[in-house]
Amino acid sequence: MRKIEKIAVLGSGVMGSRIACHFANIGVNVLLLDIVPRELNAKEEAKGLSLEHPAVRNRIVNDALSFAVKSNPSPIYHKKFLDRVTTGNFDDDLAKISDVDWIIEVVVENLDIKKKVFTNVEKYRKEGTLISSNTSGIPMELMLEGRSEDFQKHFCGTHFFNPPRYLKLLEVIPSTKTSPEVTDFFMKYGEQFLGKTTVLCKDTPAFIANRVGIYSIMQTLQVVNELGLSVDEVDKLTGPVIGRPKSATFRTMDVVGNDTLIKVANNLYAGLVNDEVRETFKLPEMLQKIEENKWFGAKSGQGFYKKVKNEKGKSEILSLNLSSFEYEPKQKVKFATLEQTKPIEELKPRFKVLLGGKDKAGEFYRQTFFGLFQYVTNRIPEITDELYKIDDAIKAGFGWELGPFETWDTLGVAKGVEMMESMGLTPANWVKEMLESGAESFYKVEGGTRQYYDIEQKAYVSIPGLENFILLDTIRENKVVWSNSGASIFDIGDGILNLEFHSKMNTMGGEVIQGINKAIDLAEKDYQGLVVANEGANFSAGANLGLVFMYAIEQEYEEIDLMIRQFQNTMMKVRYSSIPVVVAPHGMALGGGCEITLHADKVQAAAETYIGLVEFGVGLIPAGGGTKELTLRVSNNIEVDDIVFNSYKNAFLNIGMAKVSTSAHEAFDLGILQKGDAISVNKNRQIADAKRQALNLVEAGYTTPIQQKDIKVYGKQVLGMFHAGANSMLAGGYISEHDHLISQKLGYVMAGGDLSAPTTVSEQYLLDLEREAFLSLTGEKKTLERIQSILTKGKPLRN
């Protein structure tokens, strides 16, 4: 029954300020405190301020919060949420922690300093208040020395990963004195409210994610030395091709800070006296030189990469030559093994090819992956008793799509053991015992439930905590009702269907449009409602531009017209079907992905939803109902005293500037989400949340909406405003002639045409106008050049 309404964050550095922002994101009030400055800075001296001035005393905390908010990507969902954060200092404001529900310590990673903070906290903390540390490795028991029984009972490690808004891992580390109720609360609160993957850890050095993740990095550097690979080659081999972030290895190290990696590696080397591969954590020569040169990455201006201005004055990224330690132009990387994986779009099937490669890339993958496989098997039961926790931690903390055991499963456990042994590597005995028992994989799906192999029980056990989620991969075998190459329809229970897109980047081509129509037809006939959601990296990158380009080049304008009509009709079917349709966007939801969201009965957006109508950027206007829908919404909600049509101007600019929200909360500002739409902070809960919304609409007596035929448009009255703005931008050199043309077309649609007086029109009237405008723009050379550039990433298309 514990509720968190207010927290105190002690320490406002890189982590503290961002943790404070993320709690503000979810509606919690935050007291953010830090130390008082010991001396004035130049600006304060110039103003004649003293050390006692409030602005001086709170300078450190205020500067830290300001720096965090200005960082990119932002730690805050919406700037108005900053109102929930109150700043102060330890000397003047620590007594205020008596009013909070949870105190999080995020001061410097020094045991003596942390203990001093806790001593002061005990003076003001009320009994029963939760207290936790964001330590990345200091043992819990050491921090509890001298603390009261109540403090010890309510204390736990809560290790967030940077940046807390985006990296989903929260490691929960109880001490021997932590109350089980407190541990359970942190686990559930982190998952449900903070949107985290919460992993229960043993109190061992670096816990789980950093223990395995830092090992993986240090082992990679070892193999790099042995094989003589370059910085560019390694980052090509360790990025998206194996399901890891684009920043791969060396770029990630530069961004996080090479000094941070060095510090953690040194601590692990010192602390892991019994680790069988302890020497792996010893700094290789390259890191020693990096440390000597203080080339710590982004924070110092150079690391394994360096940004410079070339002879033409343009920015250029140089790579560090690991032999000469001189910077050189980035080299194009090519390996035969990588070429073989290009036709393989799905990640899991790639690993057999990558690990079987006959070139240096294949050797790199075998050494790094098989070494990692051996290492993680030996960490059980040292750092955890359950193998799934290692996968969960490394995925959520380091951004890997597959954890070590999941990756091993793609190859086959027995095959992996065979290949490892051929290289002189041996997994822990429990792996062989597992295979001898007849178990062939670390994970399996049975009865729609994902299970892992439990080493102690020697049997498969359901992964706890997944009962609150609907995960499509676990029901794919027996719950698919219909599918084609671009979409699948699932029965997710209680009379609700789920439509999943699985085209490339989930673009909305003919197969997806067919899937939408089929899903609605099935739901209207035999079910109660429909959810449109998927588990891809992004909800949808929009319509299939390749098809538009092909028809336009061939001047098949009738085909384009037919394609747009089908898209528009499908969006109108989403809006006006006899069953409720709930759309659940996440990640990128652009163009057509935004348009289907606009036509939903209700939206259940993931907090990390980047949504917008971006067609203007490719020389077009939204024509799948997007322009119509924003015009309709402005008309329905226009204020009586809005005589200068600010709401129209804002909607026009949202489309004309191809604005994309940086969170679901910002999408309300753009008019894309509306009152009544909801947000899921935890992406894993989103489909279940969307299903609940659909059932709520059914239970409320859902009826088919009536198409609007009374949309007030203002013709020349607003058209003049649109034209004047576009003319001014053109005259000032802010937009091109082609942008000016698109602006005129967009304005014409939103004005309802060049009508001489305000009048009311139907949705179909506006749909016809946007379709005609879109069609006319596909005949423009500049539009085709823009589409071509996007399709080929700036390279000319081959004939």
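**Getting to know this predicted model**

This predicted model holds zero disulfides.

Reader: Is cysteine 201 buried or exposed?

Author: Buried means under 20% relative accessible area. Cysteine 201 has a relative accessible area of 5%, so cysteine 201 is buried.

Reader: At what angle do helix 10 and helix 17 pack?

Author: Let's look at the two partners. Helix 10 covers residues 209-227 and helix 17 covers residues 360-378. Among the residues that meet are Tyr215 and Val223 in helix 10, and Phe364 and Leu372 in helix 17. By class, this contact has nine nonpolar, six polar and four charged residues. The axes are 10 Å apart, and the angle is about 145°.

Reader: Which handedness does the crossing of helix 10 and helix 17 have?

Author: Good one to check in the 3D view. The crossing of helix 10 and helix 17 is right-handed.

Reader: Which residue's side chain joins that of threonine 783 in a polar contact?

Author: Threonine 783 is found in helix 34, and with a relative accessible area of 0% this threonine is buried. Residues that threonine 783 touches include Val618, Leu620 and Leu777. A polar atom of its side chain lies 2.9 Å from the backbone oxygen of glycine 619. The side-chain partner, in a polar contact of 2.9 Å, is histidine 738.

Definitions and conventions:
Residues are numbered from 1 along each chain as its sequence is written. This is a predicted model: local features need pLDDT of at least 70, side-chain atom pairs count only at pLDDT 80 or more; totals for chains, interfaces and linings use all residues. Side-chain values use heavy atoms; hydrogens and water are left out. A disulfide is a pair of cysteine sulfur atoms within 2.5 Å. Buried means under 20% relative accessible area, exposed over 50%, partly exposed in between (1.4 Å probe, protein chains only). Axes are lines fitted to C-alpha atoms, for helices over the stretch in contact, and angles run from 0 to 180 degrees between N-to-C directions. Helices (H or I, at least four residues) and strands (E, at least two) are DSSP runs, numbered from the N terminus. A crossing is left-handed if the near helix is turned anticlockwise from the far one by less than a right angle, and right-handed if clockwise. Contact means heavy atoms within 4.5 Å. Ala, Val, Leu, Ile, Met, Phe, Trp, Tyr, Cys and Pro count as nonpolar, Asp, Glu, Lys and Arg as charged, and the others, Gly among them, as polar. A polar contact is a pair of N or O atoms within 3.5 Å; within protein, one must be able to donate a hydrogen and the other to accept it, and residues adjacent in sequence count only if both atoms are side-chain atoms. Lists of a residue's contacts leave out its neighbours within four places in sequence.
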